[in-house]
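I opened my notebook to follow side-chain contacts.

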Amino acid sequence: MKARILSWAAAAMSVLGLGACGGAKEGLPPVPRVAQVDLPRFMGDWYVIASIPSFLEKDTYDAVESYAPRPDGRIQTTFRYRQGGHEQPIKTMHPIGTVKPGTGNALWDMQFFWPIQAEYVISYLNDDYSQTIVARNARDLVWIMARTPSIPEADYQAHLARIKAMGYDTGQLRKVPHLDR
């Protein structure tokens, strides 16, 4: 029975594109993380501007990730998106974030379902908490997010340079289309 559960978990991680540990990609140092994240300021809605997407995110539109504190100290996450176009129905996922102690609140484990946890590293956060980059040491997934559905092109290009400097293949990035509703 235990072997079957572990086999199922490995298959689920593969489908989602999420490694349980998110270890550093061979030959590369860990991705940078911000020194300190003020969690209350970080909470709220973040529009996904672009990403190297997981399997489930490959054709998303209007993607928004929302964070809210839970009474147990973890972070309730709601990922809202439309699959395949702006007129499709809204779908949601509800992973739970756990901030790793001693990381300045910049390293999280995100649990989509038990026992799968994915490493999230807040690698960039501008001073006014309006734009962020969430990365992974495995360099398999990355998200550029903002408090608004679009950002200036100069900001986007600066984020691309940051992501490339981390060791990512920026050719895999996909801009996420958003409609103002």
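Predicted model: local features only at pLDDT ≥ 70, side-chain atom pairs only at ≥ 80, totals over all residues.

I checked Trp143 next. Trp143 has 5% relative accessibility, so Trp143 also counts as buried. For both I used the cut-off for buried, which is under 20%. Then I compared the two rings. The ring centres of Tyr120 and Trp143 are 5.0 Å apart and the planes stand at 35°, so I wrote down a tilted pair. This pair links distant parts of the chain. Tyr120 is in strand S7 (residues 116–125), Trp143 is in strand S9 (residues 142–146), and they are 23 residues apart.

How many aromatic pairs does a search of the whole structure find? I got 6. One of them joins Phe42 and Trp46: centres 5.0 Å apart, planes at 35°, so this pair is tilted. Phe42 is buried, at 1% relative accessibility. Trp46 is buried too, at 0%. I also noted a cluster, in which ring pairs link Phe42, Trp46, Tyr67 and Trp108.

I found the charged end of Arg162 over the ring of Tyr124, 3.9 Å from the ring centre. Lys175 puts its charged end over the ring of Tyr156, 4.3 Å from the centre.

Side chains of opposite charge can pair when their charged atoms come close. I counted 8 salt bridges in the structure.

Arg80 and Asp45 form one, with the closest N and O atoms 4.0 Å apart. Arg80 is in strand S3 (residues 75–83) and Asp45 is in strand S1 (residues 44–52), so this bridge ties together parts 35 residues apart in sequence. Arg80 is partly exposed at 28%, and Asp45 is partly exposed at 37%.

Asp59 and Arg174 also meet in a salt bridge, at 4.0 Å from N to O. Asp59 lies in the loop between S1 and strand S2 (60–69), and Arg174 lies in strand S10 (residues 174–175), so the parts they tie together are 115 residues apart in sequence. Buried or partly exposed: which is Arg174? I noted 19%, so Arg174 is buried. Asp59 is partly exposed, at 34%.

I then looked up Asp140 and Arg136, whose side chains meet at 2.8 Å, N to O. Arg136 is buried, at 0%. Asp140 is partly exposed, at 25%.

Terms used
Residues numbered from 1 in each chain as written. Heavy atoms only, no water. Phe/Tyr/Trp six-rings, centres within 6.5 Å; stacked < 30°, edge-to-face > 60°. Buried < 20%, exposed > 50% of the residue type's maximum accessible area, 1.4 Å probe, protein only. Helix = DSSP H or I, 4+ residues; strand = E, 2+ residues; numbered from the N terminus. Lys NZ or Arg CZ within 6 Å of the ring centre and 35° of its normal.
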